[in-house]
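Please look over the sequence and the structure first, and then read on.

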Amino acid sequence: DITTGSPNVKIGVIDSGIDSSHIDLQAPGHLLPGYDAFTNTNSSAVDVFNHGTSTAGLIGAVQNNNIGISGVAPNCALMSISIFDVNGSTSNSIIERAFDTAVARGIDVLSNSWGGGTPSQIITDAIDNAAINGRNGLGCIIFFGSGNDGNNPPVYPSVLPNVICVGASTPHDQKKAPGTGNQ
């Protein structure tokens, strides 16, 4: 079966924000009020790096509007959860706050196209809490990008047991080799 999602499925995009004025994300009820974990404030997000907006578009760009692309789940609601400041900085406590807020707001699915760095118990605990206790005890579905360099194994936190690691493959369903494009 194929589905394009449902408005009662809430997808949190933990990234650099979502440009809430982007025309291909405009539909009534499509963008939920955003949250900036860096400043610990509610906000209709601005995306200074365009990365969160790009991933949000892949997930939920409006279908059949004759603009741009269609996301894979255009009927779902999207929530921006920003973890970076204008310089691209973040911290373990900011990332922890982002996951805790997603759980508190009842987010069903969490998309994370960031990673790398030194593993952190604070981040791991926050991810595990969302995976186990999110969705009112059903657990959030959490996706992480494997990294853009073809490393084996993929980067932290995509290697954690309670997340789904996503990476690119060739047309022959083989893992993309390093240096052959984004993973």
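## Two packed helices

Helices (H or I, at least four residues) and strands (E, at least two) are DSSP runs, numbered from the N terminus, and axes are lines fitted to C-alpha atoms, for helices over the stretch in contact, with angles running from 0 to 180 degrees between N-to-C directions. The model is predicted: local features need pLDDT of at least 70, side-chain atom pairs count only at pLDDT 80 or more, and totals for chains, interfaces and linings use all residues. Residues are numbered from 1 along each chain as its sequence is written, and side-chain values use heavy atoms, with hydrogens and water left out.

Helix α2 (residues 92-104) packs with helix α3 (residues 121-137) at an angle of about 5°, their axes being 8 Å apart. That makes α2 roughly parallel to α3, a term for angles under 35 degrees.

## The end of α3

G137, which is placed in helix α3, is partly exposed, with a relative accessible area of 48%; here buried means under 20% relative accessible area, exposed over 50%, and partly exposed in between (1.4 Å probe, protein chains only). The C-alpha atoms of G137 and N75 are separated by 24 Å, and the two residues lie 62 apart along the chain.

## A covered helix

Helix α1 is mostly covered, since seven of its 10 residues are buried, including T53, A56 and I59. These buried residues of α1 pack against β1 (10-15), β4 (77-82) and β5 (109-112).

Methods: Angles under 35 degrees count as roughly parallel, over 145 as roughly antiparallel, 65 to 115 as roughly perpendicular and the rest as oblique. Contact means heavy atoms within 4.5 Å.
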